[in-house]
Amino acid sequence: MTVQSIDEKNFETEVINSELPVLIDFWAVWCGPCKEIAPILDEINNEINNKIKIVKINIDENPNIPSKYGVQSIPTLIILKKGEIVATKVGSSLKSDILSWIESVI
């Protein structure tokens, strides 16, 4: 199952009001490292989809959310629990590193 793309219209419903912790992938079409990390996040989404919800937001199409969360460079991964930031990871990483990071937070 691929990671769901969300936008500013459904952000509150999908992220802020989520029962599960949510990992947001801030990305853009022109970002090479974002393209590298996308299939990794799809794999992780399939493996642990009952523990965390993974979504992605295109920063070019939805500029307000990245600025609200202080996103300076991409890819940036942010985990929120009940609408509050609990962890941030900037840059591309190995699958094992991302999994360890997620597990340490949830």
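This report describes strand pairing, aromatic contacts and nonpolar cores in a predicted model.

## Basis of the description

The model is predicted: local features need pLDDT of at least 70, side-chain atom pairs count only at pLDDT 80 or more, and totals for chains, interfaces and linings use all residues. Residues are numbered from 1 along each chain as its sequence is written, and side-chain values use heavy atoms, with hydrogens and water left out.

## Strand pairing around β3

Helices (H or I, at least four residues) and strands (E, at least two) are DSSP runs, numbered from the N terminus. Two strands pair if DSSP finds at least two bridges between them. Strand β3 (residues 53–58) runs parallel to β1 (residues 4–5), to which 2 bridges join it; Lys56 of β3 is the bridge partner of Ser5. Strand β3 also runs parallel to β2 (residues 22–27), here with 6 bridges, and Val22 has Lys53 of β3 as its bridge partner.

Together with helix α2 (residues 32–47), β2 and β3 make a right-handed β-α-β unit. Right-handed denotes a path from the first strand over the helix to the second that runs clockwise, with the strands pointing away from the viewer.

## Aromatic and charged side chains

The structure holds 1 aromatic pair. The ring centres of Phe11 and Tyr69 lie 5.9 Å apart with the planes at 50°, so the pair is tilted (centres within 6.5 Å; planes under 30 degrees apart count as stacked, over 60 as edge-to-face and the rest as tilted; for Trp the six-membered ring is used). Phe11 belongs to helix α1 (residues 11–16) and Tyr69 to the loop between α3 (64–68) and β4 (76–81), 58 residues apart.

The charged end of Lys56 sits over the ring of Trp27, 5.1 Å from its centre (NZ of Lys or CZ of Arg within 6 Å of the ring centre and within 35 degrees of the ring normal).

## Nonpolar cores

A nonpolar core is a set of buried Ala, Val, Leu, Ile, Met, Phe, Trp, Tyr and Cys residues joined through side-chain atoms within 4.5 Å; buried means under 20% relative accessible area, exposed over 50%, partly exposed in between (1.4 Å probe, protein chains only). The largest core has 18 residues, and those with the most contacts inside it include Phe11, Phe26 and Tyr69. Its largest share, 3 residues, comes from β2.

A second, separate core of 17 residues includes Ile37, Leu41, Ile48 and Leu99.
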